[in-house]
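Morning, everyone. Please look at the model first, then we'll talk.

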Amino acid sequence: MTDALLSVRNLRVEFPTRRGVLTAIDDVSFDIMPGEVLGVVGESGAGKSLTGAAIIGLLEPPGRIAGGEILLKGERIDNLGAEAMRRIRGKRIGMVFQDPLTSLNPLYTVAQQLIETIRTHADISESEARKKAIALLDRVGIPAAARRIDDYPHHFSGGMRQRVVIALALCAEPELVIADEPTTALDVSVQSQIIDLIKEICAERGAAVMLITHDMGVIAETADRVAVLYAGRIAEIGPVRQVITAPEHPYTAGLMGSIPTLTQTDARLVQIPGAMPRLNAIPQGCAFNPRCEKAFDRCFKERPAPVLRDADGRKVACWLYDAIDTPAKEQANG
Amino acid sequence: MADALLKIEHLTRYFDISKPFLNRMLERDEKQFLTAVADVSFEIKRGETFALVGESGSGKSTIAKLVVGLLAASEGTIEFDGHKMTGTTGTEMRDLRRRFQMIFQDPFASLNPRWRVGDIIAEPIHTFGLLKGADVTNRVGELLDTVGLSAKDAEKFPHEFSGGQRQRIAIARALSSKPEFIVCDEPTSALDVSVQAQILNLMKDLQDEMGLTYLFISHDLSVVRHMASRIGVLYLGRLVEVADGKTLFSSPQHPYTQMLLDAVPDLALSGRRRKPVDGEIPNPINPPPGCAFHPRCPLAMDRCKVDAPHQVATETGYAACFALEAEAKAS
Amino acid sequence: MNRLARMWDSDIAWSFRNSPVAIVAAIIALIIVLGAVFAPWIAPHDPFNSASLNLMDGFTPPGEPNQFTGNTYLMGTDNQGRDIFSTILYGARISLFVGFSAVVFALVLGIGLGLLAGWRGGWVDSLIMRIADVQLSFPSILIALLIFGVARGFIPPSMREEVAIWVLIVSIGLSDWVQYARVVRGAAMVEKSKEYVQAARVIGVHPARIVLRHILPNVMGPVLVIATIGLALAIIAEATLSFLGVGVPPTQPSLGTLIRIGQQYLFSGEWWILLFPAIALLLLALSVNLLGDWLRDALNPRLR
């Protein structure tokens with residue numbers, strides 16, 4: 001596993017509050033290979049955006065990394081100082097956020113922002129940087145890029161703005177792009193354009209993508225592998241096709257069943273009872289146990305760790321799939 | 001036509017988005033209007049779920065607000081069970097108001113944070129003077145039970161509940177005046193999918209039990225597919241297609257409907273690629289002339305740039321498109 | 001008890017317990033307020049009962065026995081032999097009463113007009129806010145002076161002493177309502193667009209009821225914060241007006257009046273007549289202001 005571009009090992013993120021420490025991300029580990037698209041899905045409060053923020057060192061205080069390590073090409077980046085981290089952001093890790101308006105400075109033209117970013121990370125002249133910026137805008141599908149580059153962000157429509165943000169994230173040719181809900185604020189018809197763009201352009205440049213979203217549909221179309229987060233923990237991680245078509249963790253299964261699709265008939269949707277626990281009330285044992293139909297004694301006592309399930313690298317954190325004396329195994333034997 | 005509970009004819013609403021008077025005088029600008037809803041007509045039959053689907057700027061939320069009277073129509077009429085909503089006042093209007101309710105998009109904004117849940121749910125009961133004293137408390141308890149919460153929750157404040165539970169409270173409030181018709185404005189778009197499933201199931205159960213009629217507003221085609229018996233597709237304030245739920249998805253007629261369907265993510269991993277659509281929704285202040293969809297339409301003809309298309313009857317409804325008209329004539 | 005325990009556990013109580021500045025300010029403010037409220041019982045002398053005054057006690061320095069009578073006063077006496085400590089207690093009573101009443105008056109006016117402007121919008125809003133803008137372009141003390149002067153012109157001289165204090169309250173209140181109206185209007189416009197207000201409108205709840213029962217409780221938070229700071233400002237405004245001689249009549253001296261009287265003796269060596277009332281005013285205004293600052297921070301979710 002040494003060839004991973006990004007390695008997250010036993011990451012733990014905590015928020016100290018006056019009512020005690022809240023653990024928002026608890027023992028999360030995953031790898032992203034060069035050129036791979038890893039989807040990170042979860043419902044609100046699952047910790048998916050926090051995972052992204054922890055990687056790029058942008059946790060909002062009082063949030064802090066309380067354990068584990070984050071390695072970029074084998075080097076630890078979780079303990080770097082603010083200045084060193086700033087250089088990694090943008091240069092080696094690019095970012096695309098949900099709301100394109102917050103990622104662009106409304107007071108500067110697109111040209112100013114792109115050229116400044118390009119020149120911070122590469123030693124080239126202003127006119128060269130401008131040429132590069134125009135080429136980039138052209139690549140992300142902005143019509144008449146040479147003319148529009150001098151416009152301000154508010155002159156662009158929502159979809160076009162998100163294209164500009166993608167250009168901005170890519171202009172230093174990063175090895176990894178972290179995209180946090182890049183399509184959530186956009187209309188359906190524009191969503192697919194942006195997803196295609198992220199996918200194509202990253203493939204073209206060999207950049208890996210960490211795609212954070214709540215939308216399984218986006219993951220299904222874009223990601224190579226997917227990590228399903230629940231209450232700050234990984235429930236299931238593996239190749240997208242396996243996880244989506246044959247989910248093993250009861251939470252993933254429930255999640256997939258609860259999504260209405262165009263092909264299904266008028267039957268009731270599968271529903272998972274209850275809601276994700278608040279951070280101050282994560283149950284003992286498996287965090288999913290109060291909502292799980294298959295929960296048994298052990299689920300309420302011990303917390304399951306992700307165990308490798310097959311040759312494709314799927315891991316599931318559920319006692320149903322534990323090697324020793326589980327109902328699943330007994331069933332399989334019987 | 002006796003079974004039409006809600007009948008909307010030629011509904012139009014524009015918003016005055018002009019600059020203030022003084023600026024207009026100084027800059028010599030004309031008054032500016034945004035047409036949010038343009039000549040929309042449809043009917044909702046008793047007991048059915050009629051869905052309006054569209055992207056941002058399609059005017060779907062404006063229609064919801066027009067129907068419940070939060071906005072006044074610029075032109076056209078809304079008829080609820082034979083009563084014209086415009087012009088009705090006093091006790092007659094009060095009686096009408098009791099019979100329709102609304103569920104909002106954001107459960108974090110739709111409940112007054114300073115009120116106890118019991119008071120929130122009881123507000124329609126008090127306003128319409130339906131019950132008094134201990135009967136109110138009992139009714140609130142019943143309602144909480146109906147939506148899957150407990151009667152004890154009446155004492156709590158909204159912030160003690162999760163998003164899904166808050167939406168249940170909002171539903172309980174909507175049900176408390178025993179309405180026949182509920183306008184649901186994106187009721188699940190602020191919720192997580194697993195919770196969305198709970199709310200959609202609950203809404204379906206309530207419809208079956210109480211014979212409710214829904215006007216269901218959403219941008220999510222999969223949700224609409226699941227909920228609606230009839231569907232209207234909106235684009236820039238214009239109704240481009242109306243059809244039965246199943247028919248719309250099996251054989252979409254209008255090119256915009258087809259485009260929307262193509263843009264839905266493929267969860268079954270059937271290998272079907274989403275067909276990315278060119279362009280974005282134009283600025284509604286300056287909609288394209290003729291058919292508003294023509295700049296993005298693969299079938300656009302010269303005529304589409306000049307004239308607004310008429311409604312062409314389809315299998316279970318109609319669509320407004322010149323390409324379809326030509327097809328109909330040819331066959 | 002349960003409710004009390006919950007209050008003790010609330011975020012705001014916690015923030016208070018963890019802010020030494022707020023605690024000290026609260027203690028000082030509380031001491032002054034209690035002293036003022038219970039002045040008739042606490043004060044060692046009644047400075048306004050001329051029968052009990054002895055002119056021979058005049059100009060007694062603090063803590064020293066008077067050279068003629070041998071009486072000792074904690075903070076000394078003024079030219080007429082009044083105990084400074086007692087006059088401060090009574091003065092703080094007037095100052096607090098005027099300040100508090102002026103804030104309440106400004107609050108009622110500001111909240112009312114702010115709600116009206118925010119809810120109705122359109123020309124009502126424009127009219128109210130333009131009046132507010134015009135008023136804001138003058139210093140509030142100038143407006144108070146103006147209103148005070150005009151009001152005195154209308155009131156017959158025989159009644160002036162009686163109503164002076166009410167004129168003062170109205171003057172300060174009228175000069176101060178704008179900030180409340182602005183905050184309330186802004187907050188009301190935000191709340192008005194929220195879905196819970198729309199829900200009430202769909203039901204057909206009467207607009208007055210929507211404004212009072214739904215919107216008002218949700219805009220009170222920020223208003224109370226500026227009202228606390230406004231209290232300190234109103235106390236200072238009263239002191240300023242009284243210092244200028246246009247405030248409360250000398251028969252009911254407030255802290256400002258005491259300071260005005262005291263400054264006449266500063267250069268003749270009787271420093272205590274000025275110093276102690278000034279310190280009392282400073283402590284009162286400062287502690288109320290610090291409490292207001294703390295409250296603003298504690299209620300601001302961004303700083304938490």
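How much of chain A, out of its 334 residues, counts as buried? The figure is 54%. Buried means under 20% relative accessible area, exposed means over 50%, and partly exposed is in between, with a 1.4 Å probe and protein chains only.

Some ground rules. This is a predicted model, where local features need pLDDT of at least 70, side-chain atom pairs count only at pLDDT 80 or more, and totals for chains, interfaces and linings use all residues. Residues are numbered from 1 along each chain as its sequence is written, chains are lettered from A and ligands numbered from 1 in the order in which they are written, and side-chain values use heavy atoms, without hydrogens or water.

Stay with chain A. It has 13 helices and 12 strands. Those are DSSP runs, numbered from the N terminus: helices are H or I with at least four residues, strands are E with at least two. The radius of gyration of chain A is 21 Å, close to the 20 Å from the globule rule for 334 residues, so chain A is as compact as a globular protein of that length. That radius is taken over C-alpha atoms, and the rule is 2.2 Å times the number of residues to the power 0.38. The C-alpha trace of chain A spans about 70 × 50 × 40 Å along its principal axes.

Now chain B, strand S10, residues 238-244. Five of its seven residues are buried, so S10(B) is largely enclosed by the rest of the structure. Which strands does it pair with? Pairing needs at least two DSSP bridges between two strands. Strand S9 of chain B, residues 230-235, runs antiparallel to S10(B), with six bridges joining them. Strand S12 of chain B, residues 318-320, also pairs with S10(B) in the antiparallel sense, over two bridges. Look at B:Glu241 in S10(B). It stands opposite B:Val233, and also opposite B:Ala319 in S12(B). The hairpin of S9(B) and S10(B) has two residues between the strands, and B:Leu236 there takes a positive phi near 50 degrees.

Last stop, chain C. Helix H3 (20-37) and helix H4 (39-42) of chain C each supply at least two residues of a nonpolar patch. H3(C) gives the most, four residues. C:Val33 lies in H3 of chain C. At 32% relative accessibility, C:Val33 counts as partly exposed.
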